Amino acid sequence: MLPWSSVPVPSVAGSAPPLRLFDTSSGELRPTAPGPIARMYVCGITPYDATHLGHAATYLAFDLVSRVWRDAGHDVHYVQNVTDIDDPLLERAIRDQDDWVVLGMRETALFREDMEALRVLAPKHYIGAVESIPEINELVIKLLAVGAAYRIDDQRYPDIYFDCTATPEFGYESGYDEATMLRLSARRGGDPERPGKRHPLDALLWRAARPNEPYWESDLGRGRPGWHVECAAIALNRLGTQIDVQGGGSDLIFPHHEFGAAHAEAITGVHPFARHYCHAGMIALDGEKMSKSRGNLVFVSRLRADGVDAMAIRLALLSGHWRTDRAWEPALLHQAQARLALWREAVSLRTGPDATDTVSRVRVHLADDLNTPRALAAVDAWAAGARQRRGRDPDAPVSIRAAVDALLGVAL
Ligand code: 5CA
Ligand code: ZN
């Protein structure tokens, strides 16, 4: 698939400290240590509805990872998928008497527009599940060959499953006990009750064709791919056997990222698949996680259509810490609009207080597990100073504008 387009990123004088991020698997805040190439895979949307503020918050967090790494001189190889075939998409298409292909394409197109408006830097590879079916099949065939997968004994629907005991480390990514895993598996697309599985947690790799469901011909028989193996195949084939960051929202900790890692490790023998597993907090509305299935959504495209500046949406979402579950409130948007107006006024002045210290503070706060509340406060302080005519540096407004653009992704 075509990714969206990115605006050029200005370079910022000075140097950046290494990025530290909280890693779910170790429960620690640890430095990321990419080489010249920084490799990141972030789970993309299932395009059955428009991008809501929860999705946007998650992609903005990983956009900052990209920006901080770039600022530190890394070449960022960023890959994102689109789950353009899966149960939720088919269910929604049936509900709305829509064609699942058309629905997926329409919502993916809208997502791209939203990402572009929010100035999220585009991934290097933007890959749909449907277009990767041949490579997913290849991975499933390899998993069968090494004994990490098995075909269920069912004449009608001979589905293929991943054996969760295939890697000795299974469970390390989430750190959850089995009861928690079983509970989450049932809630998040797994099928612990399916008869014939070796272990209730075993995850679907290839679903044999059912009546009235789309299917693809393959050496595995007619069918369609499971969910985790989609991301494992797309990531492995573009980023290699070990990546720096596997990202997504906290609802993907289990089973999705646990199984994605296990699929990859069962083939490559390289543990851990990701050096950091990073999970963004959930955005809630009216006390509940914003989710397509609940329908309590605020869409980025709706706000934009109502004339809201996408930069205010960006600032509103960055005003909270990326890992904190938090509620969306209209007041966040009003505060962000006021902040944006203040910053714009300040950078349009001819002079301002020296920018060096402010830029280095923004860098330090972002490098500290993306502490955006503090990074924004550092720019607030500079803007307030400029408005009070404290400081007479003629280069400062230009420097602040470039730093806010490059590091925070906000165009002033
Ligand atoms: N296609 C899969 C990943 S391979 C998927 O989870 N799609 S999604 O459309 O449901 O979610 C897309 C991304 O947004 C995921 O990273 C998910 O964790 C994140 N997300 C979903 N709801 C929220 C929310 N309320 N707050 C924050 N992030 C969310
Ligand atoms: Zn994924």
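1. Helix α2 (residues 87–95) packs against helix α3 (residues 100–117) at an angle of about 110°, and their axes are 9 Å apart. That makes α2 roughly perpendicular to α3 (angles of 65 to 115 degrees count as roughly perpendicular, under 35 as roughly parallel, over 145 as roughly antiparallel and the rest as oblique). Axes here are lines fitted to C-alpha atoms, for helices over the stretch in contact, with angles from 0 to 180 degrees between N-to-C directions. Helices (H or I, at least four residues) and strands (E, at least two) are DSSP runs numbered from the N terminus.

2. On the α2 side the meeting residues are L89, L90, R92 and A93, and on the α3 side W100, L103 and G104; contact means heavy atoms within 4.5 Å. The residues of this contact of α2 with α3 divide into 5 nonpolar, 1 polar and 1 charged. In this scheme Ala, Val, Leu, Ile, Met, Phe, Trp, Tyr, Cys and Pro are nonpolar, Asp, Glu, Lys and Arg are charged, and the others, Gly among them, are polar.

3. On provenance: this is a predicted model, in which local features need pLDDT of at least 70 and side-chain atom pairs count only at pLDDT 80 or more, while totals for chains, interfaces and linings use all residues. Residues are numbered from 1 along each chain as its sequence is written, chains are lettered from A and ligands numbered from 1 in the order in which they are written, and side-chain values use heavy atoms, with hydrogens and water left out.

4. The axes of helix α12 (residues 372–387) and helix α13 (residues 396–408) come within 12 Å and cross at roughly 165°. The two helices are therefore roughly antiparallel to each other. In this pair, A375, L376, V379 and W382 of α12 meet A396, P397, I400, V404 and L408 of α13. The residues of the contact of α12 with α13 comprise 9 nonpolar, no polar and no charged.

5. Two cis peptide bonds deserve a look. One joins F254 and P255, with omega about 0°, and P255 lies in helix α7 (residues 253–268). Another joins H271 and P272, with omega about -5°; P272 lies in the loop between α7 and β11 (274–280).

6. R119 has phi near 60°, a positive value in a residue other than glycine. R119 sits in the loop between α3 and β5 (125–128) and is buried, with a relative accessible area of 13%. Buried means under 20% relative accessible area, exposed over 50%, and partly exposed in between (1.4 Å probe, protein chains only).

7. N212 is not a glycine, yet has a positive phi of about 60°. Its place is the loop between β8 (203–208) and β9 (223–225), and N212 counts as exposed at 82% relative accessibility.

8. G287 is in the loop between β12 (283–285) and β13 (288–289). G287 is exposed, with a relative accessible area of 72%. The C-alpha atoms of G287 and A327 are separated by 7.1 Å, although the two are 40 residues apart along the chain.

9. For the chain as a whole, there are 13 helices and 14 strands. Of its 412 residues, 56% count as buried. Among contacts with a separation of 6 or more, 79% come from residues 24 or more positions apart. The C-alpha atoms fill a box of roughly 80 × 45 × 35 Å, taken along the principal axes.
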